[in-house]
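Morning, everyone. I have one model to show today, and I'll keep it brief. Let me put it on the screen.

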Amino acid sequence: MRQHVFEQYDFTYDDDSVKDIFDSIKPDITIFTGAWDSHFNWEKARQEAVRYTASLINILTVYSMQSKGRFIYFSSQEVFTGSFPNNLPETWATSAKGFRSMAISQGEEICTNFRQNQGLEIRILRLDHLYCVPKKGETGLDPCFAMCLEALRSGKIFASDRDVFSMLFVKDAVELACKAISAPSLERDVYHISSMEEINGLQLARLIQEAMGGGIELVDESVGEYHRVILDGAAFSGELGQKIFTHYPEGVKQVVQYMKRHRESFIRAEDAGGSRLARFLHKARVLIGILVPYVENLICGVLFFFLNRYTAGNGFFDRVDLFLLYVLLFAVTLGQRQAVLSGLLASLGYCLQQMYTRSGFAVLLDYNTYVWMAQLFIVGMVVGYIKDQLRTVKQESRDQVAYLEGRLSDIAEINDSNVRMKENFEAQLINQKDSLGKIYDITSTLERQAPEEVLFTAVRVLSQLMDCGGAAIYTVANRSYARLFSATSKEARSLGHSIEYTAMTAMYEDLKERRVFINKSMQEKLPLMASAVYSEDGMELIFMLWGIPWQRMTMAEANRLAVIGQMVQTAVVRANQYLDALSSQRYVEGTRLMAGDAFLQLARAFLRAKDQGLTECALLEVPVTDGDCVAAASALRESTRQSDYMGSVQDGVLYVLLSNTNNEKAGFVQKRFLEAGYESSLMEEVAL
């Protein structure tokens with residue numbers, strides 16, 4: 001192996017020499033560890049946020065002058081505040097809270113501005129809840145470290161299953177980050193690196209408790225709001241590949257074993273400790289730590305005694321009082337208590353030294369001995385007292401600063417809460433987004449739609465008014481099943497094209513009582529919110545919502561959904577009544593074959609909705625050799641569903657519109673048509 005391959009330069013981020021280093025090295029890769037940089041101390045987050053931003057700007061400025069290589073900025077999940085039912089993709093807007101989080105988020109914005117304005121190759125890697133084996137005495141920010149520290153300090157772990165996240169071990173993070181760093185090209189500007197292995201606080205606490213080996217009490221605090229933040233690393237995995245080697249049992253065990261082995265560097269003297277043996281050992285170590293200064297004092301007293309004895313009579317040391325220096329040394333460094341002990345030892349040493357030439361009785365009767373002792377104690381105690389006072393003043397100053405910083409943090413948090421409430425009220429009063437007038441104005445657009453397009457427009461209106469990630473409308477086919485009519489996202493189609501809604505017990509119980517369903521237990525394969533629209537005959541439509549933040553899953557939002565549903569119902573019922581009234585004109589009597597104009601309008605409505613991503617459909621063209629489309633429709637009736645449509649726009653050609661069917665699934669229908677003696681082909685539009 002070649003020697004001296006790596007060169008290390010130790011300069012601060014704001015040092016002027018950074019430019020010279022870049023000029024000399026001309027690096028191909030520049031990494032700013034950002035959120036995980038141990039050089040930043042976030043105990044004073046307000047001041048450190050300024051230094052963090054200035055440091056990043058200085059590095060980016062120097063890097064941009066080189067216009068060479070790739071710049072990597074490490075961010076974290078902290079840029080997202082709140083609770084998110086689904087994994088967060090890279091496209092989700094950040095919502096940082098707190099000085100540290102805002103500084104990290106602002107760092108991302110600075111990198112984005114440099115990339116866009118100067119055309120630099122800058123990439124952002126967000127690491128999801130990174131955890132590692134800490135260094136001795138260092139403080140970690142990850143949940144695993146916090147729980148381990150609490151277990152060592154108090155013998156208890158407080159955890160909640162309402163707190164859900166995923167963690168990434170540092171070794172896996174390094175390997176995955178290296179893939180992005182060394183990749184020849186990257187398609188995205190931002191990547192999420194996440195294990196995507198969901199775990200809650202209670203499960204993590206049990207792993208720590210097991211690794212601790214007993215003596216640790218687990219306290220379940222599973223109350224309050226649900227909080228979930230997990231980054232979606234699917235884009236990174238799909239592009240660069242991903243494999244996690246260190247899973248939670250192995251990673252947590254490494255952290256626990258190291259912290260347990262080096263517990264003294266993490267816990268304080270007043271901490272209770274874990275098991276009885278651990279508490280006993282800890283108290284023993286604390287006692288030894290208290291006795292060490294006294295032992296040092298005794299040893300130094302003996303050393304100064306012999307030093308003073310061997311320098312006696314030396315002209316060079318005649319005017320130097322080594323015992324006085326000894327007392328001053330301990331008074332200045334350790335305070336008044338050690339000054340008194342060193343004074344006693346110095347006095348004893350002085351008397352023993354005098355007894356080499358005189359009797360002990362003569363030494364005790366000599367007033368010079370007491371004058372010298374008084375001088376020694378006065379100087380030592382005064383200096384020790386001053387030292388203790390200075391130490392007390394500094395500690396009080398630190399305590400006061402810590403107290404004021406805590407108050408400031410509380411005030412800032414209260415202010416943030418007030419600001420959010422103010423913004424919400426402003427949005428309601430100024431923008432009128434949630435007002436009944438605004439809702440009516442938007443839903444009234446359904447009245448102006450063609451009857452065939454009402455439900456397609458309704459799902460878009462529903463998604464807009466509820467401000468959610470996805471919405472779907474299901475039409476009730478019978479007392480057990482409902483069919484998907486339209487949806488705004490892939491997630492909104494996740495339940496399938498046909499569902500047995502009565503089997504979804506939690507949702508159905510609310511819907512049949514005409515209540516809005518709120519999925520607060522976050523059950524899988526259920527929407528986050530749902531509402532039903534009823535007519536005299538029973539349930540007609542089911543509205544389902546996805547992608548709603550946890551904090552918005554409230555009764556206020558449920559009431560808003562109910563109001564919107566009733567307003568949408570008016571337009572839907574009107575459209576259905578209109579179509580039913582014209583059924584004699586729309587269908588050939590006694591068949592399912594639609595008249596040309598009616599089918600043309602319906603097919604165009606479906607195809608427009610397909611182009612807008614609101615539904616899936618396929619249009620088949622079936623040539624009829626004998627020209628009898630009525631007979632062909634009757635022959636193909638068994639090969640289609642009740643929700644499919646057939647029409648004849650021109651002579652000798654039968655068109656079949658397959659709802660909720662993509663081109664791939666339409667192939668199965670084509671095979672059934674072929675078995676019935678009719679060939680068919682896919683069409684993108686109705687040929688006139």
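First, a definition: a salt bridge here is a side-chain nitrogen of Lys or Arg within 4 Å of a carboxyl oxygen of Asp or Glu. By that cut-off, the structure holds 12 salt bridges.

Some ground rules. This is a predicted model, where local features need pLDDT of at least 70, side-chain atom pairs count only at pLDDT 80 or more, and totals for chains, interfaces and linings use all residues. Residues are numbered from 1 along each chain as its sequence is written, and side-chain values use heavy atoms, with hydrogens and water left out.

Now the sheet. Helices (H or I, at least four residues) and strands (E, at least two) are DSSP runs, numbered from the N terminus. Two strands pair if DSSP finds at least two bridges between them. Four strands make an open, parallel sheet, ordered E1-E2-E3-E8. At the edges sit E1 (29-32) and E8 (190-193), each pairing on one side only. On average, neighbouring strands are turned by 25° against each other, direction ignored. For angles, axes are lines fitted to C-alpha atoms, for helices over the stretch in contact, and the angles run from 0 to 180 degrees between N-to-C directions.

Look at the E2 and E3 pair. Strand E2 (70-76) runs parallel to E3 (121-127), joined by seven bridges. Serine 75 has arginine 126 of E3 as its bridge partner.

Next, the helices. Contact means heavy atoms within 4.5 Å. Helix H2 (45-66) packs on the sheet and touches E1, E2 and E3, at about 160° to E2. Helix H3 (99-118) lies across E2 and E3, at about 155° to E2.

Back to the salt bridges. Aspartate 28 and lysine 68 meet at 2.5 Å, N to O. Aspartate 28 is in the loop between H1 (17-25) and E1, and lysine 68 in the loop between H2 and E2, so the pair ties together parts 40 residues apart in sequence.

Which residues share partners in one network? Arg115, Arg123 and Asp189. Arginine 115 and aspartate 189 have their closest N and O atoms 3.5 Å apart. The link runs from helix H3 to the loop between H5 (170-182) and E8, 74 residues apart. Arginine 123 meets aspartate 189 at 3.6 Å, N to O.

Buried or exposed? Buried means under 20% relative accessible area, exposed over 50%, partly exposed in between, with a 1.4 Å probe and protein chains only. Arginine 115 is buried at 11%. Arginine 123 is buried at 9%. Aspartate 189 is partly exposed at 33%.
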